[in-house]
Amino acid sequence: MGRNVFPVVFDGHNDVLERLGGPDGGGPGAFFERGEKGHLDLPRAWAGGFGGGLFAVWVPSPKTSERTPRGLPPALDPAYALRRSLAATAMLFRVEDRSGGKFRVVRTVAELQRCLDEGVMAAVLHFEGGDAIDTDLDALHVLYRAGLRSLGLVWGRPNAFAEGVAAHFGRSPDTGPGLTKAGRELVHACNDLGIMIDVSHLNERGFWDVAALTDAPLVATHSNAYALCPSTRNLTDPQLDAIAASDGMIGLNFGVHFLREDGAEDANTPLEVMVRHINYLVERVGIERVGFGSDFDGISVSQEIGDVTGLPRLMSALRERGYDDQALRKLAHENWVRVLRKTWGE
Ligand SMILES: [Zn+2]
């Protein structure tokens, strides 16, 4: 591949920490070797122009056939969730320690901007679900000081704060109740601390509760448009309009089953499907409010993307469809920087 001529990408979501920590993940050292497995490591990131993003700490549900009355995996034991979350958070810091200054966990917009300018990979610590956080919010305060700057209230199961959606095609995201009292308190605490609240995975009532409570921009780090792909994980037009009204943003999820009209998990999906999605979102919420939230290492991508090295092919397709340099910079990272600045402060 020739030199990447596109603006550096800052991305709203990846699950590489979970992959590195898994049975075949190889631990923190594997992040520095060009791998065949998964989507993201440092050598492939450089090749693809990926300069950083939100690195998710996600806790898998233990294997069980138990389901809640609404068909979700049951809430996690908070002690288990905290132990697993600390393991994944430690993985992030071990990667930083071994990077020789090439990878930094950033806590401010100034640090993020410096990394993007200097070619250092910037990582924002993100928790995908509040399962590890107690309702006294002690863990939240400690994690904030450790570097937590972004929190999805839920993954696809209930917790003390809210309820997520199961990923279902052809069904509305209005699948269950809104935030609990503790969930409303969590929103206020995140606003006070300057932790970004992520509405991806939240059910629709939870979304509207957050919209009514928060004083920060509404952000869906890795979700798509329901109008083009009717999945519970995607955002309806009224939700997109609320995000626009709050000057928030949407990170495009590269998962083919969240992109395709038929919801199929089929890697034989043309880039054009991603471009159509970007076009739709840009038309609905504006070029200032769309970015990427690849979900690398968490979903199946189009074979035309393949892994993070395929990002320039997406950028090139967008350029061919009329996105100029200024628009590409916004999509690639400027919108994320703006929203994080509005959320975290200077
Ligand atoms: Zn997710």
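Which residue in β2 is the bridge partner of Asn 14? The partner is Phe 55. This is a predicted model, in which local features need pLDDT of at least 70 and side-chain atom pairs count only at pLDDT 80 or more, while totals for chains, interfaces and linings use all residues. Residues are numbered from 1 along each chain as its sequence is written, and side-chain values use heavy atoms, with hydrogens and water left out.

Helices (H or I, at least four residues) and strands (E, at least two) are DSSP runs numbered from the N terminus, and two strands pair if DSSP finds at least two bridges between them. The pairings of β2 (residues 50-57) are as follows.

| Partner strand | Sense | Bridges |
|---|---|---|
| β1 (residues 9-14) | parallel | four |
| β4 (residues 121-128) | parallel | six |

On the β4 side, Leu 54 stands opposite Val 124. Strand β2 is mostly covered, with eight of its eight residues buried, where buried means under 20% relative accessible area, exposed over 50%, and partly exposed in between (1.4 Å probe, protein chains only).

In helix α4 (residues 109-118), the buried residues are Val 109, Glu 111, Leu 112, Cys 115 and Leu 116. They lie on the same side of α4 because they cover an arc of only 160 degrees around the axis, the arc being that of the directions from the helix axis to the C-beta atoms. Asp 117 and Glu 118, on the other side of α4, are exposed. The buried residues of α4 pack against β1, β2, β3 (103-105), β4 and α11 (325-344), contact meaning heavy atoms within 4.5 Å. Just after α4, Gly 119 takes a positive phi of about 75 degrees.
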